[in-house]
Every structure is written in structure tokens, then in C-alpha cells.
Amino acid sequence: MYVIAKKTLKQLREQGRYRSLTLPFGLDLSSNDYLGLADCSALREAAIYYFENGGVAGAGGSRLLRGHTQEHQELEAFAAKAFGATRTLFFSSGFQANYALMTTLPMRGDVVLFDEHVHASMRDGLVAARARSFKFPHNDVGALEDLLKRHRENAQNIWICAESVYSMDGDQAPIAELYELANLYDAMLIIDEAHATGVLGEGGRGLAYDKICKKHGYERLITLHTCGKAMAVAGAIICAGEEIIDFMVNTSRPFIFSTAPMPVQAVLVQKSLEIILSTEGEARREKLAKVCRYTQQLLGGHGGHIAPLILGESKRACEVATHLQNQGFDIRAIRPPTVPEGISRLRFSLSAKLDLQNIEAFASAYSKAIKQAV
Ligand SMILES: Cc1ncc(COP(=O)(O)O)c(C=O)c1O
């Protein structure tokens, strides 16, 4: 084992894929704190208030034991109202929630059809799942329909999985078309709203809220809202119908056999959601949209808050990143296995904390850095 690890690390270094932990520095161009809420005083004050009024640190057990607290219950009720869902379930992280969805809901005899760009947490869940799963080419609704036609007759249930905004390319899924297909072929649609929650849709509720929930509810839909990105805390909220959540509470191993999230995490997520839904949230989204438009003007791309700057080979992406980091821009190279071979990139992540001068300075440094890199 020790020998294998050594060899792997050597290979990773040679391929320009070696990773190490780096503390945040300089101008944040890489976090998912899209609305700039992580250091807002309202969240800090909510945490202080909670602890100064006798709040406990840890939940002390799993949700089905003594770990279920008032704070979890209140957050779940608040989130259900906010997202128009019958019920919601709060998890410690988005990874855990996606893993729980994939390992709990699809049964033996079911089929899962997933977009090839869905997050590692869904894919890892599918590796451990009981159902068979098949990927379809990214955003290819025609290919998905072919798979639906092929499997509808023999599959017990069919689950379609996609993200509303894809984490590495920042592009959007054709959500309305996916829902139409789910309806047509009697399938259930699972949408991971990790990078849309807080940023897109009415009141920052995500894309499925506008395009599906408002009209059709959650009968054929499950959404997942991670709380560590625009919400700037940690955790994830699954929104679904009553039976799905009840089933997860009763049978989901990642939910049952894990200590509940810290109660203060629920307090902060609720506070963050309140801000996101308020006029302050709206103002932050407007600021972010302005930053996105200016970035598109200077650097091209689709104008979203995740702006990938594709550089090709890992080594080139690392070299450009280093040039920029040396000038105080905290931007990181994204390499395989996170993205496929040959499309390593800088994941330029925009936020409401940035101003137009920041974007100008970055665009100028970036154009110099790519000229200098081999
Ligand atoms: C699309 C997507 N889903 C789920 C997750 C996992 O969420 P968390 O970071 O809360 O574990 C991520 C995190 O990077 C993500 O990008």
C-alpha cells in the first residue's frame, strides 16, 4: 500500500496533477461564496446570539436519536415554505445528501439516467447504489429520451439526475425539457441546485423553482440545495414530497448513521436563507449580475457566475494560475480527474464582493499570464 501511494504521488507530480492544501490569500476569485455572505455581520451575530443564549456545540447524536433539535426542525419548516416543498431534510453536507439520495431512493430493478457532468457525490452514490445507472451526454435531451425509450418498459422506477448550473462549466441544464421527459416517461427528476441556490430563480430559490415547482410542485421532482456555496454556511437541504422525505428518514443510511449537523449550522443556514430571500439578497444578486456582465465583456464566455478559462494541459493551467497567484489573485487550476484530460482550466468564480476594477485588473493580468505560459 505504502509503495503504491508513493508511486501514485510521483506520477501525479509528473503529470502536473499533484494537489496540496493552500490557505486563502489575496483577492477571492475561486470560492463559491457568490453573494459574499460568508463574512457578513448578520451571520456572525446569529452565531454569537445562539451561543450566548446557551446554544450547544454538537447535536450529540443522530437525528433519529437525541440529535434532532428545535433548530433543525425550524430550518426544515422554513425551507419547505421558502422552496414551496411539502417537506425538506437537512444534511451536514451536499456530498452526504447526494450520496444519501442515490443510495436510498433508486431500488434494485430501477434505472438511473444521469448527465455525464453531474458532481462526484452523485456518481459515488451511484457506484454504491442498488439500481443500474447510465449516463447521457451533457445536456443532450435527445440521448436521454433514447435511454428512456430503451429502459421504460423493464425498469421499475426511472430517476433522471442533473444539475441546474454545472459546477465546472457554469452552464445551465435544460430543466423544463428534462421535466417534460420525466412526465412523458413517468420518471422522477432530481436536480442538484448547488450552484444556482441563492443566485438564480425567483428570490434566489434556484432554477427548478421558477421552471417547475411553481406550477407543478414536487410530485415528480426532488431538489438539492447545498448550503456551503452562495448560502455561505455548510450543509444541504433536500426538498421533496412527504413520502420521499419520510422514506429517507426511515431508511437512508447516511442520514440515520451519522451525527446530526451542529444546531448552529441550522441556525446560520436559516439566517442565510432569510437574507437570500430579502431585498438585501436581491441587491447582492444585482451586483453579481453586473460583475458577470462586465467579465463577459472583457473575457467572453456565457456570462454566468462560474466562468471557466480553459487552458488545455494541466501543466499550462498550473503555470498560468501561479503567475496570477503571485500577483495576489486567488484563483486555482482545475485539473483531471475533476475535469477531463486536455481541458484543464482556471475556474474563475465571480461574486458580489468584487467590483469592476477587480475584473479589469484580473483580465489584464490574465492576458499577460497566458502569453508568458508555454
Ligand atoms: C454540484 C455539486 N453538488 C454537490 C456538492 C457537494 O456539496 P458540499 O460541498 O456541501 O459537500 C458540490 C460541491 O462542490 C457541487 O458542486
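Analyst: On a 1 Å grid over the protein atoms alone, a pocket is an open set of points with protein on both sides within 12 Å along at least five of seven lines, whereas a cavity is a set where a 1.4 Å probe fits but cannot get out; lining residues have an atom within 4 Å of a point. The model is predicted, so local features need pLDDT of at least 70 and side-chain atom pairs pLDDT 80 or more, while totals for chains, interfaces and linings use all residues. Residues are numbered from 1 along each chain as its sequence is written, and side-chain values use heavy atoms, without hydrogens and water.

User: How much space lies in the largest pocket?

Analyst: The lining of the largest pocket consists of 35 residues. A volume is the space filled by probe spheres set on grid points joined across faces, edges and corners. For the largest pocket, the volume is about 780 Å³.

User: Which residues lie nearest the centre of the largest pocket?

Analyst: The elements giving two or more residues to the lining of this pocket are α4, α5 (120-128) and β12 (344-349); such helices (H or I, at least four residues) and strands (E, at least two) are DSSP runs numbered from the N terminus. Nearest the centre are His119, Ala120, Ser167, Met168 and Thr338.

User: Which space does the ligand take?

Analyst: A molecule sits in a pocket if more than half of its atoms lie within 2 Å of the grid points. The space taken by the ligand is the largest pocket.

User: Which helix gives the largest share of the shell around the ligand?

Analyst: The shell holds 13 residues (a heavy atom within 4 Å). Those that come nearest are Gly94, Phe95, Asp192, His195 and Lys229. The largest share of the shell, three residues, comes from residues 94-104, which form helix α4.

User: How far is a polar side-chain atom of Asp192 from a nitrogen atom of the ligand?

Analyst: Polar contacts are pairs of N or O atoms within 3.5 Å. A ligand oxygen is 2.7 Å from a polar backbone atom of Gly94, and a ligand oxygen is 3.0 Å from a side-chain N or O atom of Lys229. For Asp192 and the ligand nitrogen, the distance is 2.6 Å.

User: What is the volume of the largest cavity?

Analyst: The structure contains one cavity of 30 Å³ or more. Among the residues lining the largest cavity are Arg63, Gln96 and Thr259, and β2 (87-91) and α10 (253-256) each supply at least two residues of that lining. The volume of the largest cavity is about 60 Å³.

Methods. Polar contact = N/O pair within 3.5 Å; in protein donor to acceptor, adjacent residues only side chain to side chain.
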